[in-house]
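Hi everyone, thanks for coming.

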Amino acid sequence: CLHKIPDSLPFEIACLAEPHAVAFNAMCVNSTIRPGDAVVVLGPGPIGLLCTRMAMLAGANPLIVGGLAADEPRLETARRLGATHTVDVENEDLNELVRTVAPLGADLVCDATGATLALESAVRVARPDGQVMKVGWSPEQIPVDLNPMVHKNLRVQGSFSHNYPVWERVIHLLDRGLTQPDAIVGLRAPLDGWRDAFDAMHERRVIKSVLVP
């Protein structure tokens with residue numbers, strides 16, 4: 001399963017192909033996004049931010065990203081990546097914002113958090129006959145009221161991993177800078193700086209660290 005990396009693509013950017021492939025598979029393969037669709041991404045972690053960018057490239061507008069109060073720096077990154085609106089779901093009403101820009105609800109809601117409340121919110125703000133894409137892992141079983149899924153005729157789907165053609169497409173996008181990978185890389189470190197690189201991500205000082213041996 002080898003891929004040829006173009007000479008113009010630095011390895012420290014090419015190494016981001018895997019998380020890009022997760023996001024591409026979720027938003028551009030398993031989801032249907034048409035230009036002008038209202039899309040909501042819940043969770044501004046690395047995958048959520050990359051899902052945001054993939055949705056923008058697919059033509060989503062409006063594009064709303066929701067996170068917690070502590071996520072404000074990441075919500076700012078979401079705006080850099082193409083989000084038209086961001087929302088602090090702890091202190092603002094996500095449903096009200098969605099209805100303001102998309103009165104029927106969102107065409108697609110991506111849950112990139114794994115949290116119970118996020119999946120409930122996704123089902124609530126999706127429009128009738130809309131889509132809910134779950135890409136975030138849940139640490140435990142999630143009790144969710146699925147009745148709205150029935151009466152809205154929603155399509156709820158999970159997205160797992162990726163395949164060879166997805167990697168090829170992602171490498172093409174990375175090579176042309178279309179995904180703006182520098183927006184999520186906050187630290188580049190040599191191999192002996194591995195601990196600080198991991199701590200920086202764990203402590204939310206950066207979104208992604210890259211180790212350069």
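Predicted model: local features only at pLDDT ≥ 70, side-chain atom pairs only at ≥ 80, totals over all residues.

Okay, so what's around alanine 23? If we skip the neighbours within four places in sequence, alanine 23 is in contact with Cys28, Ile47, Leu50, Cys51 and Met54. Is alanine 23 buried or exposed? Its relative accessible area is 0%, and buried means under 20%, so alanine 23 counts as buried. Here's another pair to find on your screen: alanine 23 and threonine 52 are 29 residues apart in sequence, but their C-alpha atoms are 8.4 Å apart in space.

Now let's zoom out. How many helices and strands does the protein have? There are nine helices and eight strands. Along the principal axes, the C-alpha atoms fill a box of roughly 55 × 35 × 30 Å. For 213 residues, a compact globule would have a radius of gyration near 17 Å, and the protein has 17 Å, so the two agree.

On the charge side, I count 19 positive and 25 negative side chains, with the centres of the two sets 5 Å apart. And if you take the contacts with a separation of 6 or more, 60% of them are between residues 24 or more positions apart.

On to the core. Which residues touch the most other members of the largest nonpolar core? That core has 41 residues, and the answer is Met27, Val39, Val41 and Cys51. Several elements give two or more residues to this core, among them α1 (11-14), β1 (39-42), α3 (46-58) and α8 (164-175). The element that gives the most is α2, with seven residues. There's also a second, separate core of 17 residues, including Ile64, Val87, Leu94 and Ala122.

Most residues other than glycine have a negative phi, and most peptide bonds are trans. With that in mind, where does proline 62 lie? Proline 62 is in the loop between α3 and β2, and the peptide bond from asparagine 61 to proline 62 is cis, with omega near 10 degrees.

Then there's aspartate 129, which isn't a glycine but has a positive phi, near 70 degrees. You'll find aspartate 129 in strand β5, residues 126-134. Aspartate 129 has a relative accessible area of 48%, so we call it partly exposed.

Glutamine 180 is in this group too: not a glycine, with a positive phi of about 50 degrees. Where is glutamine 180? Look in the loop between α8 and β7 (185-189). At 30% relative accessibility, glutamine 180 counts as partly exposed.

How values were computed
Residues numbered from 1 in each chain as written. Heavy atoms only, no water. Helix = DSSP H or I, 4+ residues; strand = E, 2+ residues; numbered from the N terminus. Rg over C-alpha atoms; globule rule 2.2 N^0.38 Å. Contact = heavy atoms within 4.5 Å. Lys, Arg positive; Asp, Glu negative; His and termini not counted. Charge placed at Lys NZ, Arg CZ, Asp CG, Glu CD. Core = buried A, V, L, I, M, F, W, Y, C linked by side-chain atoms within 4.5 Å. Buried < 20%, exposed > 50% of the residue type's maximum accessible area, 1.4 Å probe, protein only.
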